[in-house]
Structures are given as structure tokens and as C-alpha cells.
Amino acid sequence: MKKCVLFVDDEQNMLDALRRMLRPMTVEWDMHFARSGDEALMVLAQEPVDVVITDLRMPGMDGGELLKVIQESRPDVVRIVLSGHADYNMVMKSVKQAHQFLTKPCSTDVIREALEKAYNLRRILTNEAAKAIVSRIESLPSVPDLYVRVVEEVRRKDSSLGRIGAIISEDPAMTAAILKMVNSSFFGFFRPVTNPVQAVNLLGTEIVKGLILSAHLFSVFDFSRFPRYSMDVLVDHSLATGRIASAIAKFEGMPPEMVDECFIAGMLHDIGKLILASRFEKEYLAVLRTVQRENRTVWEVEREVLKTSHAELGAYLLGLWNLPGAVVDALAFHHEPVLAGVGRDFSPLTAVHAANALEHELRIINREYAQHPPDPEYLEHMGLTGHLPQWKELCAEIYEPRE
Ligand SMILES: [Fe+2]
Ligand SMILES: [Fe+2]
């Protein structure tokens, strides 16, 4: 079946241009065009729309209002904003309703990529039960506005690290959360990092963007009702996995961009647990009880009880937020990397799979939880079996207490 996209813009010229520009994509995509929010809702009532791409400034119902209605009535539809730079204030207003933001003018490639990613997201939710879980979550957390502002700043031709740091400083709660992570032992800085400008200079913008997402997600979920589950332990496990994954990628001679992606994917790899625990409290308490009683892995019991796991859900969320495909894949398959296909090159998936397993093995987060070493079959296929002892040495350096 073809995938289905709906474009909404009050300017006929804009819709005509999109129609012309995207004609080659009609082999895979059914395309619909609407000139107002009302018209869009009529299309949505009749067509199996997968993705909506809307303008913001429109007479009558504006883009933000339209997305709000869609969020409530069709939570499974991916919601993307395509707006002009001048609409910045409106972007901020609609930030809670949109999964992604694209800026006009927008090339075919950018739109194609956004649509491909939306399509791939469907692939992550492999079964109907997983899709049902996502649609039962009436709203997945929206991308933090601080993240959107930092991404905007990074995209500017004259962007500066100082200005990025200054933008972060305007949000005291986020600043505190980020500095707490940066100053944890996993980063290994000898002197405390005291402000976001310093953090951006030391870590680079990609890592700081990952920290913003992580700080946001850890702050929006309430774990207080899970007496046996510690948020601090999960934050520590996540940071350590990020550090180990990036250390492994560096050791394997990967380029700096991939090393950063490994960190981000490692840090966010278990984020789906937060979604499950906060939105399916009763079921998740049952999952954790079974894990402890029967000494099994969390993701296997999640699959049994909820028919999906934190891996797919976390990947789905980051996919909605338009994180790189390699990061999304690393989350989706971090327990079962062979499912992503063997014989591929080293990727953030390789690093995160190994880092997660090593982190569990070396630190023993919870004695009742089953251990799950890196998959020997996968490592063998990747030709990496012999690297494992060296990777463990890297971990030892990360855990070593500093003076
Ligand atoms: Fe996991
Ligand atoms: Fe994990």
C-alpha cells in the first residue's frame, strides 16, 4: 500500500510548487493538498494520511490549531511544520503540537528525507500491538523548545558557541540539569563545568543537543510511583552507556560525527522505558515484578506483556523528532542488533549494543536483573569478537575513580 501525505498551505503557488517538485515521489506516496485547516480535516476524514506537512500562518484555523486537532483525533499521524523563518514566534507557539520543523524554502531532498524517515518509523513499529500502544499514548512528549532554538542557532551561517551557550543559560532548570550531567564522573573533567558556554566549548554542540533532549525527557516523566526503580540509576546507566559507546567508536577509528552520534544514541537508548513506565503504569509495574521474580531481561518481559519494548518506542520518539537514522536504528535494535541485518559497517548500533551490555556487566546495576552479554553471533559477523577485551579496558578507564 502506498504511503499518504497531506500538504496544507493557504498559498496555491506554494502547493503547486510542491506538487511539481515532488512529482517523482508519487510512485511511493499518495499526495493530497489542502488550502486551509478545514479542507485538511476533510481530507483526513477520508484518506489514510500518514504524514501532515503544514504551513503555520493561515487565515482561519492556523497551522498550530490544525495540528492540535490532529494530535487529538489522529495521534498516529506524523505532524510536520513547514514554515518561513519570519514565523519564529508562531513556531514556538506550535512547538507542542509538531514532531518536526522544516524551514521554507525547502528542497525536494529535505522533504523527501523527512517523508522517508516518517515511513521508516512505521517499520520500527513492526506489529499492530506496537502501533496500538503508540496510538493509546495520546501525546508523545514534544521536542523541547530549547532544543528547537539551539538547532535554529546551529543552522545559522553566523552561529557561535557563545550564543548557543547563552540561549541555554536562559533556561535555568535545563541549565542545572545539563550541568549536573556534564559534571558527573562519566565525562571525566578535572574541574567543574559551571556554565553552558563552557559546556558547549568542551563538548561541542551535538553532544549538548543530546544532553538537552535527555534532560528534557528525564524531567517530563514522573517515576515517583515506581518505588523499586531509581531515576538516578537510569540516568547514570544512560550516561555511562553514551560514554562507553563513544569511546568504542573512537577506538574503532570512526569519524567525529559518528562518535557524537554514538554518545547521543547511548545516552538515550533506554528512553522508551520512561514512556512505558509513565503511560502504562499498571502494566509496567507488572513487567518489573516479573523481571525481578524470574530473573529475565526487561525488554523480553515488556514484549510479552505489552507486545512491544522500550527499544522500539524510544526509537519511534526520536524518529518523530528527526534525529539521524543511525541514532534511531541504534535505539530500535540495541538488544537484538542482528535484526538490523549483519554484514553492515560499524555503526552507532554496534557501539550502543556493546556499550549497553558491557555497562550492565561491569557495574551490575541491579543484581536481580538478568545479564545480557554482547551478542556473540553479531560480533562474529561484524568481525569484532577479538575487540571485546580492548573495549572492556576502555570501560575500565571510564569507571576508574579520578583524583
Ligand atoms: Fe534497553
Ligand atoms: Fe540499557
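Modeller: A residue is called buried under 20% relative accessible area, exposed over 50% and partly exposed in between, with a 1.4 Å probe and protein chains only; by that reading, both His269 and Asn356 are buried. The model is predicted, so local features need pLDDT of at least 70 and side-chain atom pairs count only at pLDDT 80 or more, while totals for chains, interfaces and linings use all residues. Residues are numbered from 1 along each chain as its sequence is written, chains are lettered from A and ligands numbered from 1 in the order in which they are written, and side-chain values use heavy atoms, leaving out hydrogens and water.

Colleague: Which residues are the protein donors of the iron ion (ligand 2)?

Modeller: Donors are N, O and S atoms within 2.8 Å of the metal (3.2 Å for Na, K and Ca), and sites may look incomplete because water is not among the atoms. Here His237 (NE2), His269 (NE2), Asp270 (OD) and Asn356 (OD1) lie 2.2 to 2.3 Å from the iron ion (ligand 2). Asp270 also coordinates the iron ion (ligand 1), and the two ions are 3.6 Å apart.

Colleague: Where do His269 and Asn356 lie?

Modeller: His269 is in the loop between H13 and H14, whereas Asn356 belongs to helix H19 (residues 348-363), so the pair ties together parts that are 87 residues apart in sequence. Helices are DSSP runs (H or I, at least four residues), numbered from the N terminus. The spacing of the donor residues of the iron ion (ligand 2) along the sequence reads H-x31-H-D-x85-N.

Colleague: Is helix H14 covered or open, and how many of its residues are buried?

Modeller: Helix H14 (residues 271-279) is mostly covered, with seven of its nine residues buried, including Ile271, Leu274 and Ala277.

Colleague: How should I read an aromatic pair?

Modeller: A pair of aromatic rings is described by the distance of the centres and the angle of the planes. Rings of Phe, Tyr and Trp (its six-membered ring) pair if their centres lie within 6.5 Å, and planes under 30 degrees apart count as stacked, over 60 as edge-to-face and the rest as tilted. The structure holds three such pairs. Phe187 and Phe189 are stacked, at 6.2 Å centre to centre with 5° between the planes. Phe187 and Phe263 have ring centres 5.5 Å apart and planes at 55°, so this pair is tilted.

Colleague: Which parts does the pair of Phe187 and Phe263 tie together?

Modeller: Phe187 lies in the loop between helix H9 (172-182) and helix H10 (196-203), and Phe263 in helix H13 (residues 256-268), so the pair ties together parts 76 residues apart in sequence. Both Phe187 and Phe263 are buried, whereas Phe189, at 22% relative accessibility, counts as partly exposed. Ring pairs link Phe187, Phe189 and Phe263 into a cluster.

Technical notes. Helices (H or I, at least four residues) and strands (E, at least two) are DSSP runs, numbered from the N terminus.
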